[in-house]
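Please consider the sequence and the model shown below.

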Amino acid sequence: MDPTMGTPERNEDRAELGAIDVDALTRALDVHSLRILVAIDQTGSISAAARALGLTQPTVTQHVQRLEARLSVGVVARTARAAHLTPVGRLLAAHAPRIDASLTAAATELAHMLGRRAEAVRFAAPPALIAGALAPALGRLARTRPDITASVIEAADAAEAIAMARDGRADIAVTSEIAPHGGRASAPRRRGMRSTFLFAEEIVALTTNDAPAERGRVAAQALAADPWITGAGTSTAHIAELVGRPARDVDTAVSLPYAAISLAANGVGAAFLAEGELSGVTVPNGVRMLGLAPAVTRRTTASVLVEATSIPAVAEALRLLAAHRPATAGIDALVDARRGSAGHRARFPSVPQHPSRPSRPAEEPAIMLSSTTTRLASAGAVAAAGVLLLSACTTGSASPGKTVGADTGADIDSITVALPGSLSNLYVGQEAGILNYYIASIAQEGLVSIDAQGRVQPGLAESWEQTDDLTYVYELRDDARFQDGTPVTADDVVFSLEEARDETASPGLAYYLTGVDTIAKTGDAEVTITLTAPDPAFAANMSSGGAAFITSKKFWEEHDGKVGTSDALLLGSGPYQVTEFVPDSHVTLERVDTWWGDLPKVKEITVSFIPDESTRLLAAQSGDTDVAFNVPLAQAAQWEKLDTMRVDYINDLSYVGLYFNTKVAPFDDPKVREAVAHAVDRDAYVTSLLRGHGEAATAIMTPESLGKAYGADEARAKLATIPQWDFDLDAAKKALAASGSPDGFEAELLTPNTGPQLGSAAQALAQNLADIGITLNVREVPIEEWLASLDAAGDHGINLMWYFSTLGDPAEVPSYLLGAGNPAGYDNPVVTDLLAQAGATSDPKARIDLLVKAETAQAKDVVNVPLWWGQSATAFANDLGMKDYSSFAFISSWPTQLYRAAE
């Protein structure tokens, strides 16, 4: 036996002694002493550290001495005028911020448990980001969470801000970086820290030079001969580096953006600034504000210690930062792209307006599927028992064994509706989410309406005519009244639509009216709308499922455009009037006799905002709910067992799929994308995770969106012609082996906390990818952070898409995922041309053929991988029926379809 090894008994003694020593060292540490070490390291003296911490010098000295006595080693080396940490002290100081963050998270949760709320969050950011990114989030934080104290530390630059967060001097560092031409900035991942992409904005040139500019964009090199305004207040140095322009004596350096703007406006030289720094700036005549060609973007991110993400105040601050969208600079080319993003965000699941809970840690176990369809997850939340077969049509299916009785014709005094989210404004133009459409359409109408089959029907317009490819003429009803009894006039319609296409007044609607040229009153009861180009989807867009929410001009002006609030409420011409609105609590609507249609049966509707799914279930169990939207599929079995309610399922025009950011390595490699696509088991997702309440998708378009041209079976057959990648792990391995990453790689996939089924599918995909050598880390985040990540300038190469269409137009989702400014950064001229042709084609079948070709082209490039077309579950009281329950049921005045059912 080797004498150095000792006896087994002695080795056990040593192991036990080592454990005791580590335990004793752990007990010797305390957070106050660790904070003091950090302060000494940062300030360089005992006295300065005491001042920084608000302590006396003797107190600091005593803490250090006690720590050294407990550890039996020195941690601070002192001189007459200074102090610095020993190697042991430096080691402890390096770990201190993470220990501090973990203890703070635990203390905060304990405070909540004991009913005490005292939270704080500290931001660090360079000056340029304080106004553009931090100020809006701080304002909203103050309004929604007055119990959280926020403070801001101005950092000299991004590096200092990151250092402050890493060292524990700040909780969140907000920084930016500029991406090079056709690529992205390559910020290194920092150990122990987590970065959250917030938003991207373009760099804009401000110049008096008359250099050629196509479609509002100029090449930076075309301005190189001019003097440039540079310095910390601009992005000019980055542009100079990108185009290889050296500094010149005629250049001027400034430290503030406003100085650069003023100099450029007065012809001193060309300045390059981010969009946000130009928001609200009035440019004098003769001064040009131009985008760059090719575009250059500034990406803004928030960096936090991993342990700090568990602190509720930090999680809430991150949520609000991610929800902020910067203002545009007013350049048409930039505004159009931003409008598209803002408009499509209205079709995503509604953002909850309530404090977020910390996201699920990446290491938390989650439901997984086996790598073959024959082995299913056994967890109860996604049990395969009771799987229902999906109907091939758009009508709903009900809870097993439950049917709804006949219409008794009786009036209904009141109903209570449970909404799975919260609203802070009722006007869709200001707060656009799919749930807000459900509420606003009760009180407000469009010129047309959408019936149960998705067909356009009369609304406020009794009739309309398309006189040519660009012109629509609407004749208003002579009996249309607002809920205050005043008549609906052509002036009101023109005014409402003009406000809807104003991106400041209605950022959630403006995108859908960008193709409108003029809106004019052409008769006492006639409104004529002309388009800039043919648009087959325009007719339906004039409904309350699109962009038309007609209100009284007088009402709008009396409230200075601040409608939809708890003070102003809403005024429309629908069958119900909003009588009370308490943001993030409830809204009450009462039946009126001013509506032109038949009087509905329900007299009063109270919509309660209940974001928490367990609370909604408890309300239903107690008999306090008559209608509940979006029953979680994981809880469907519990809802189906309720004696007083039934659950009806319907195809909801939603699309779920993977997409790859083609600008982020290694997903810029088609073979990598192909490998992941082959690991997708969409049939197992539908059967197991969704309990059969969905359908394996073969395309981005949904079958219902083809309803104007094809029946249900024909639509599915048409979409099945688009090639997809079969689930085949052997083929996945071969594709990865042929890629530029044959040994595999590690990536992260974010899922929204409002869609647990997406998280389960992501975990199942991660399991399959592990079998071929790819590590996919799935992280659940607040929906605001997930929405922010859906940007071509974002950090993630693999992403999930979850999109709800209100009108079911076949081009809506493909245009977002494949068209200009798409989140994948995908640029295929063939696809772009096909989409343009589809947008100019009025024949439904010809239009669909073009869209199928566009999807086929992108499928070959493996950019989007469809997973499933979704179903929504709505719970109704057993004595409450709904006529014409369909995919389009909730985008018009849906309470008019409710009736008292026979027992």
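The model is predicted, so local features are reported only at pLDDT of at least 70 and side-chain atom pairs count only at pLDDT 80 or more, while totals for chains, interfaces and linings use all residues. Residues are numbered from 1 along each chain as its sequence is written, and side-chain values use heavy atoms, with hydrogens and water left out.

The chain contains 26 helices and 31 strands; helices (H or I, at least four residues) and strands (E, at least two) are DSSP runs, numbered from the N terminus. Of its 903 residues, 53% are buried, where buried means under 20% relative accessible area, exposed over 50%, and partly exposed in between, with a 1.4 Å probe and protein chains only. The chain exposes about 37,100 Å², and carbon and sulfur atoms supply 51% of this area; accessible areas come from the Shrake-Rupley method with a 1.4 Å probe, and for residues only the protein chains shown count as cover. Among contacts in the chain with a separation of 6 or more, 72% are between residues 24 or more positions apart. Contact here means heavy atoms within 4.5 Å.

Helix H2, residues 31–43, has 13 residues and reaches 18 Å from its first C-alpha to its last, close to the 18 Å expected at 1.5 Å a residue. The expected span of a helix is 1.5 Å times one less than its number of residues. The buried residues of H2 are Val-31, Ser-33, Leu-34, Ile-36, Leu-37, Val-38, Ala-39 and Ile-40. Gly-44 follows H2 and has a positive phi, near 85 degrees.

Helix H22, residues 756–771, has 16 residues; from first C-alpha to last it reaches 23 Å, close to the 22 Å expected at 1.5 Å a residue. Its buried residues include Leu-758, Gly-759, Ala-764, Leu-765 and Leu-769. Just after H22, Gly-773 takes a positive phi of about 100 degrees.

Asp-681 and Ala-764 are 83 residues apart in sequence, and their C-alpha atoms are 8.5 Å apart in space. Asp-681 lies in the loop between helix H18 (670–678) and helix H19 (682–689). Why does Asp-681 count as buried? Asp-681 counts as buried because its relative accessible area is 3%.

Leaving aside neighbours within four places in sequence, Phe-272 is in contact with several residues, among them Ile-203, Val-204, Ala-220, Trp-228, Ile-239 and Leu-292. One of these, Ala-220, is 52 residues from Phe-272 along the chain, and their C-alpha atoms are separated by 9.2 Å.

Backbone geometry draws attention to some further positions. Most residues other than glycine have a negative phi, and most peptide bonds are trans. Ser-72, which is not a glycine, has a positive phi of about 60 degrees. Ser-72 lies in the loop between helix H4 (57–71) and strand S1 (76–78), and it counts as exposed because its relative accessibility is 67%. Asp-560, also not a glycine, has a positive phi of about 55 degrees. Its place is the loop between helix H15 (553–558) and strand S20 (576–582), and at 59% relative accessibility Asp-560 counts as exposed.

The peptide bond from Ala-293 to Pro-294 is cis, with omega near 0 degrees; Pro-294 lies in the loop between strand S11 (288–292) and strand S12 (297–305). A cis peptide bond also joins Ala-665 and Pro-666, with omega about 0 degrees, and Pro-666 is found in the loop between S24 and H18.

A search of the whole structure finds nine cavities of 30 Å³ or more. On a 1 Å grid over the protein atoms alone, a cavity is a set of points where a 1.4 Å probe fits but cannot get out, and lining residues have an atom within 4 Å of a point. The largest cavity holds about 170 Å³ of space, a volume being the space filled by probe spheres set on the points, which are joined across faces, edges and corners. Its lining has 20 residues, of which Tyr-438, Asp-652, Ser-872, Ser-887 and Phe-890 lie nearest the centre of the cavity. Helix H12 (434–443), strand S24 (645–660) and strand S29 (864–877) each supply at least two lining residues, and S24 gives the most, with four.

Technical notes:
1 Å grid on protein atoms, 1.4 Å probe; cavity = no way out; pocket = protein on both sides within 12 Å on 5 of 7 lines; lining within 4 Å.
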